[in-house]
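User: I would like to go through this model in short questions and answers. Please keep each reply brisk.

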Amino acid sequence: MKKNLLWAAAFGLLMSASLVSCDDDDPVIDNPDNPDDPNTPPTEEVVTTNGYYVLNSGKMGSNNASLSFYNTDTQEVTADVFMEKNERGLGDTANDMLIYGEKMYIAVYGSQVIEVTDLQGNSLKQIQSTTGSPLQPRFMTSHEGKVYVSLYDGYVARLDTASLEIETQVAVGRNPEQLAVANGKLYVANSGGLDYNTPLGYDKTVSVVDLASFTETKKLDVVINPCNMAVDSEGDVYLVSMGNYGDVPNTLQRIDTQTDEVETITTTNATELASAGDELFMMYSQYDANWNQTISYIRYDAINEEVITNEWITEPIAQPYKIGLDSESGTLFVTESDYTNNGDVYCFTSEGTQTAKFEVGLNPIRVFAVSIQ
């Protein structure tokens, strides 16, 4: 009898220990099919912030480039997201910005760096020169997981978007500016801008780079000082050559990427342009001998090659600077700058109706729509 009592007591202690162990250490099994189950943790609500990032170039040599954000829900502007997130300035003379995937790439020409951030503006990496010569990033485009950056020393760099490293570079022409991808090729506008007052003068070529081999296959002859580019839905590349701001006027051209033949467009002209696929939205700014500015806002049918209207914007903008387009929403942007004070961004529908206007930083050069979670 005594042995049985001792066994019963030991068994009771063992069971008590097992129950304590289960309460303290065993994992809780959630029941996703029953959200009212007390063991199911509350689901966090995903908050999405919609708005526009604006890259402000700042004044050359003043180290005052900035990144503004306009919240379209609250209509509030954060003047310098980059400074707020990273407790340092963006640098000197930001020249271009690209949002690709979950990252933002910013070419900061004067500071000789490509700044990479997440969509909240937190710095992920500063890509700098590894060759000893200055890295002078100008413009960027993207294609199939790579970002291509024109470098003012006559090269185009290919960035891997996973490692954030420069994989390789290809030599192109003098002082390359904007780039465009079409038909398996990269088109690079070689401006020669730094040689404008030398006997060599402006460049007048567009480099064609085969993306598969990443080699330059040819140079196309164009009007001097080629700078701005856009691609339509049929793969044609539209190019603005700025001329010499004197006896050679700026000129709008089209490159057939099947044949690489260049044609001058004589029915209209442009200084800035953005592609909506089948249509181009362009701005043409011209000064007379007394420095009076004449501005046209052209909507161009890229399929039928004809002007739809010369007044796609009717609102007066005193000093328009750059234009841009959000292809998803169809929102068009025109920035304004007097090169001295903070600039403004105007937002329009494709029919030219103004939907918003807000103040940003000095010399707003790029606008991107974004949804941030």
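**Ring pairs and other local features**

Analyst: Tyr70 is buried, and Phe358 is buried too; buried means under 20% relative accessible area, exposed over 50%, and partly exposed in between (1.4 Å probe, protein chains only). This is a predicted model, where local features need pLDDT of at least 70, side-chain atom pairs count only at pLDDT 80 or more, and totals for chains, interfaces and linings use all residues. Residues are numbered from 1 along each chain as its sequence is written, and side-chain values use heavy atoms, with hydrogens and water left out.

User: What is the centre to centre distance between Tyr70 and Phe358?

Analyst: Rings of Phe, Tyr and Trp (its six-membered ring) pair if their centres lie within 6.5 Å; planes under 30 degrees apart count as stacked, over 60 as edge-to-face and the rest as tilted. Tyr70 and Phe358 form a stacked pair, with 0° between the planes. Their centre to centre distance is 3.9 Å.

User: How many residues apart in sequence are the parts that this pair ties together?

Analyst: Helices (H or I, at least four residues) and strands (E, at least two) are DSSP runs, numbered from the N terminus. Tyr70 lies in strand 2 (residues 66-71) and Phe358 in strand 27 (residues 354-362), so the pair ties together parts separated in sequence by 288 residues.

User: What is the angle between the planes of Tyr346 and Phe348?

Analyst: Tyr346 and Phe348 form a stacked aromatic pair, 6.5 Å centre to centre. Tyr346 is buried at 7% relative accessible area, and Phe348 is buried at 0%. The angle between their planes is 15°.

User: Which residues do ring pairs link into a cluster?

Analyst: A search of the whole structure finds 13 aromatic pairs. Ring pairs join Tyr346 and Phe348 into a cluster with Phe281, Tyr297 and Trp312.

User: Over the ring of which residue does the charged end of Arg138 sit?

Analyst: A charge sits over a ring if NZ of Lys or CZ of Arg is within 6 Å of the ring centre and within 35 degrees of the ring normal. The charged end of Arg138 is 4.2 Å from the centre of the ring in question. That ring belongs to Tyr152.

User: Which residue is the bridge partner of Asp256 in strand 19?

Analyst: Two strands pair if DSSP finds at least two bridges between them. Strand 18 (residues 251-256) and strand 19 (residues 261-264) pair in the antiparallel sense over four bridges. The two strands form a hairpin, and Asp260 in the turn has a positive phi of about 60°. The bridge partner of Asp256 is Glu261.
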